[in-house]
Amino acid sequence: MSDSAGKAMPPGVQAMLDAGQSMTKGFFEMLARQHVAMQDSSGVAATKLPLPEAEALAGLQKAYAEKHAQLWSSMLARKPGEAGPEVVQPPPGDKRFAAPEWSESPVFDYLRQAYLLNAGLLSQMADAMPIADGRAKSRIQFLTRQYIDALSPSNFAATNPEFIKTAIETKGESISRGVQNLMADLEKGRISMTDDSAFEIGRNLALTPGAVIFENELMQLIQYAPLTEKVAQAPLLIVPPCINKFYIMDLQPENSLVRFIVEQGFTVFLVSWKNPRPDTGGHFGWDDYLEKGPLAALEVVRAVTRVKKPNVLGFCVGGTILTSALAVARARGEDPVASLTLMTTLLDFSDAGELGCLVDEASVTAREAAIGKGGVLKGQELANVFSFLRANDLVWQYVVGNYLKGNRPPAFDLLYWNSDSTNLPGPFLTWYLRNMYLENNLRVPGKLKMLGQKVDLAKVDAPAYLLAAREDHIVPWKSAYLARNLLGGETTFVLGASGHIAGAINPASKNRRSYWTAEGRPTDPDEWLDGAGEHKGSWWLHWIEWLRPHGGKPVAARGRLGSTKYEPIEPAPGRYVKERA
């Protein structure tokens with residue numbers, strides 16, 4: 001092979017190019033086999049996955065070869081003690097090669113930049129592959145990213161200069177600590193992301209005072225104690241996701257959404273889902289979660305407060321469950337709530353984000369056969385899926401820090417919650433995957449029957465506040481926006497900065513980041529964004545002012561929690577949230 005000037009390439013560059021091309025060829029042959037296997041297992045006729053068209057592929061290879069030649073030449077011309085040129089830059093936010101050791105050494109500088117060039121080629125080829133099926137193409141892109149992230153030189157002792165420096169400075173003690181950390185995590189069954197000993201639910205997490213006033217096989221209902229003399233007459237019921245534990249909304253006082261709402265003069269109730277066990281909770285289905293979750297909770301809230309139409313809030317899949325339950329109530333002829341708030345929630349699963357690309361007919365059918373009639377999806381398996389959606393941040397960072405450098409991760413409440421996984425009942429999970437992610441049935445009026453009722457989201461006509469996050473990879477904001485086209489009432493859409501969790505849990509006390517609002521209700525989310533204005537600070541402050549008119553008149557705060565019928569069972573946060581998967 002020759003470069004663009006017709007000259008023979010240096011042996012080092014040629015070797016790197018040959019290795020890169022071999023790796024690329026082998027990788028995409030593997031992807032082709034994977035794609036064909038997935039097609040076969042789904043019963044669809046298999047077609048061979050073509051590589052990118054010849055001209056596009058030739059262009060990618062030419063640019064790749066030129067960059068490698070430039071990198072090699074710059075390294076040969078580099079003088080001792082002189083910084084090398086940046087032929088290729090890491091993606092924004094990529095901190096794997098930020099340490100000076102990577103650029104100080106010509107060898108490691110070459111390694112990191114050669115890796116980035118190879119990674120760029122693989123990503124470009126995955127993007128250029130002519131695959132008409134959007135879900136299949138997204139799956140190829142996901143697998144490509146996993147392959148690229150796993151092979152980073154930062155992940156291996158021999159090619160990570162930070163490991164070598166730390167080992168020398170500690171006289172090998174860092175290696176010993178790393179082995180100890182690895183053995184401890186193997187025993188634990190997961191990678192440590194934070195100092196687990198620093199946190200305990202009820203001691204320094206989930207501290208907002210309250211009491212459990214009702215419980216059934218699937219949830220406990222918590223009522224929080226008032227923190228103001230006057231409260232809004234209409235209470236607020238919160239339905240968090242059952243995929244995670246509720247205390248993401250009540251971490252510590254300074255970043256607790258629950259405490260913030262109570263401090264603003266609202267009576268707050270919250271559903272705390274039970275962590276199902278294979279022997280006692282593996283039979284629950286979607287209807288059970290509607291009936292024993294939001295619908296049961298609303299009945300108790302109405303009885304305790306004597307308010308016929310409470311306000312409700314759902315987060316993530318909790319929002320999908322809550323909206324489905326409200327659709328059932330409307331089908332029964334009821335008018336259940338005064339307002340609806342949905343935080344990062346999908347009702348239209350046309351684009352279900354990175355999780356959607358992992359759900360296909362074959363995978364859902366396999367789950368239905370394994371646990372669709374009973375059993376659970378183990379919490380750690382679910383946690384692993386979410387972690388690998390952001391592998392560099394939630395997997396490889398800790399592999400390097402914990403095992404190569406021998407460090408202990410710092411205490412971080414959000415990551416403690418992230419590691420506190422929950423099981424899911426098989427019948428619930430498989431129904432959800434098939435009817436939401438795979439077939440997108442919820443958006444079709446009358447297509448789904450829940451609790452014996454054909455549901456139509458257009459009949460859910462309470463005023464709705466819809467919050468999405470601009471960088472959310474689990475619930476893409478444009479997909480969350482589509483709920484405006486399904487719900488029957490007036491909607492207010494707000495776009496927060498950051499991702500799925502950080503965008504939602506943006507404490508008003510810190511008032512960081514931004515959010516966007518706009519007038520009007522265009523059908524197209526891009527049109528909405530074009531007309532949106534940015535506001536500095538937390539969306540919580542905007543939302544609470546939206547909620548106030550739906551709270552009714554101020555009344556004296558209740559002097560007791562629960563009622564004669566629903567006496568307090570135990571103090572918040574209750575025992576359900578403390579059960580480990």
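This is a predicted model: local features need pLDDT of at least 70, side-chain atom pairs count only at pLDDT 80 or more; totals for chains, interfaces and linings use all residues.
Biologist: Which residues of α16 are buried?

Modeller: The buried residues are Gly-426, Pro-427, Phe-428, Leu-429, Thr-430, Tyr-432, Leu-433, Arg-434, Asn-435, Met-436 and Tyr-437.

Biologist: And how does α12 sit against α16?

Modeller: Helix α12 covers residues 361–371 and helix α16 covers residues 426–438. Their axes come within 9 Å and cross at roughly 160 degrees. The two helices are therefore roughly antiparallel to each other, given that angles over 145 degrees count as such. The crossing of α12 and α16 is left-handed.

Biologist: Which residues make that contact?

Modeller: From α12 the contact uses Glu-361, Val-364, Thr-365, Arg-367, Glu-368 and Ile-371. From α16 it uses Gly-426, Pro-427, Leu-429, Thr-430, Leu-433, Arg-434 and Leu-438. By class, the contact of α12 with α16 has 6 nonpolar, 3 polar and 4 charged residues.

Biologist: Why would residues a few places apart point the same way?

Modeller: An α-helix has 3.6 residues a turn, so residues three or four places apart point the same way.

Biologist: Changing topic, what is the strand order in the open sheet?

Modeller: The open sheet has 11 strands in the order β15-β14-β13-β12-β7-β6-β4-β5-β2-β1-β17, and the pairing is mixed. Strands β15 and β17 (570–571) are the edge strands, each pairing on one side only.

Biologist: Take β14, then. Are its faces covered or open?

Modeller: Both faces of strand β14 (residues 514–517) are covered. Ser-514 and Trp-516 are buried on one side, and Tyr-515 and Thr-517 are buried on the other. In a regular strand the side chains alternate between the two faces of the sheet.

Biologist: How many bridges join β14 to β13 and to β15?

Modeller: Strand β13 (residues 491–496) is joined to β14 by 2 bridges, and the two run antiparallel. Within that pair, Gly-496 has Tyr-515 of β14 as its bridge partner. Strand β15 (residues 533–536) is joined to β14 by 4 bridges, also antiparallel. There, Ser-514 has Lys-536 of β15 as its bridge partner.

Biologist: What about β1 and β2?

Modeller: Strand β1 (residues 210–215) and strand β2 (residues 219–224) pair in the antiparallel sense over 5 bridges. Gly-210 stands opposite Tyr-224 in β2.

Biologist: Which helices lie on the sheet around there?

Modeller: Helix α9 (residues 286–305) lies across β1, β2, β4, β5 and β6, running at about 30 degrees to β2. Helix α10 (residues 317–331) packs on the sheet and touches β4, β5, β6 and β7. The direction of α10 makes about 140 degrees with that of β6.

Biologist: Is Arg-306 buried or exposed?

Modeller: Arg-306 counts as exposed because its relative accessibility is 77%, and the cut-off for exposed is over 50%.

Key:
Residues are numbered from 1 along each chain as its sequence is written. Side-chain values use heavy atoms; hydrogens and water are left out. Axes are lines fitted to C-alpha atoms, for helices over the stretch in contact, and angles run from 0 to 180 degrees between N-to-C directions. Angles under 35 degrees count as roughly parallel, over 145 as roughly antiparallel, 65 to 115 as roughly perpendicular and the rest as oblique. A crossing is left-handed if the near helix is turned anticlockwise from the far one by less than a right angle, and right-handed if clockwise. Contact means heavy atoms within 4.5 Å. Ala, Val, Leu, Ile, Met, Phe, Trp, Tyr, Cys and Pro count as nonpolar, Asp, Glu, Lys and Arg as charged, and the others, Gly among them, as polar. Buried means under 20% relative accessible area, exposed over 50%, partly exposed in between (1.4 Å probe, protein chains only). Two strands pair if DSSP finds at least two bridges between them.
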